[in-house]
Amino acid sequence: MTAAEGGERHQDHLVAGPGGVMTEEVGSVTGDLTVVTSVFPGNQVWVAVQYRGADEWYTLTGTPAPLPDGCSLAEYHEHVLAAIRAGGEAVAPNL
């Protein structure tokens with residue numbers, strides 16, 4: 001999957017909290033990041049992060065995963081942003 005392949009998507013820029021965010025490909029990523037939350041067929045949500053301005057995307061640990069019942073993609077994206085701001089090697093929120 002790539003950040004461009006999903007259907008509905010939300011994107012933001014933020015600075016990860018201390019300890020950053022955990023990714024499948026490279027482990028912990030810290031600093032100024034771009035975060036994209038996308039939904040795919042089967043209501044699967046995927047979160048990708050990249051260093052702001054970089055070309056490479058990394059998968060947030062814990063995604064892809066089913067979008068929680070009763071949670072919109074926008075709401076889930078806000079939970080992702082809160083987890084990344086908190087840092088501590090953040091992973092996908094378990095709602």
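Visitor: What makes β1 and β4 a pair of strands?

Guide: In this predicted model, strand β1 (residues 9-15) and β4 run antiparallel and are joined by seven bridges. Pairing asks for at least two bridges, so the two strands count as paired. Within β4, T37 is the residue opposite H10.

Visitor: How do you know that β4 and β5 pair?

Guide: Eight bridges link β4 and β5 in the antiparallel sense. The cut-off is at least two bridges, so this also counts as pairing. One example is L33, whose bridge partner in β5 is Y51. β4 and β5 form a hairpin, with three residues between them. In the turn, G42 has a positive phi of about 80°.

Visitor: Why is β4 called largely enclosed?

Guide: A residue is buried when its relative accessible area is under 20%. Eight of the nine residues of β4 are buried, so the rest of the structure largely encloses this strand.

Visitor: Why does T23 count as buried?

Guide: The relative accessibility of T23 is 4%. The limit is under 20%, so T23 is buried. T23 lies in strand β2 (residues 21-23). Leaving aside residues up to four places away in sequence, T23 touches V29, V49, Y58, T59 and T61.

Visitor: What makes the approach of the T23 side chain to G27 a polar contact?

Guide: A polar atom of the T23 side chain lies 2.7 Å from the backbone oxygen of G27. The cut-off is within 3.5 Å, so the distance qualifies. A polar atom of the T23 side chain also lies 3.2 Å from the backbone nitrogen of V26.

Visitor: Why is N43 called partly exposed?

Guide: The relative accessible area of N43 is 43%. Buried means under 20% and exposed over 50%, so N43 falls in between and is partly exposed. N43 sits in the loop between β4 and β5, and its phi, near 60°, is positive although the residue is not glycine. Most residues other than glycine have a negative phi.

Visitor: What is said of the peptide bond between T63 and P64?

Guide: The bond joining T63 and P64 is cis, with omega about 5°. P64 is in the loop between β6 (58-59) and β7 (65-66).

Visitor: Which residues touch the most other members of the largest nonpolar core?

Guide: They are V21, V35, Y76, V80 and I84, in a core of 21 residues. The largest share of this core, five residues, comes from α1.

Methods:
Residues numbered from 1 in each chain as written. Predicted model: local features only at pLDDT ≥ 70, side-chain atom pairs only at ≥ 80, totals over all residues. Heavy atoms only, no water. Core = buried A, V, L, I, M, F, W, Y, C linked by side-chain atoms within 4.5 Å. Buried < 20%, exposed > 50% of the residue type's maximum accessible area, 1.4 Å probe, protein only. Helix = DSSP H or I, 4+ residues; strand = E, 2+ residues; numbered from the N terminus. Polar contact = N/O pair within 3.5 Å; in protein donor to acceptor, adjacent residues only side chain to side chain. Contact = heavy atoms within 4.5 Å.
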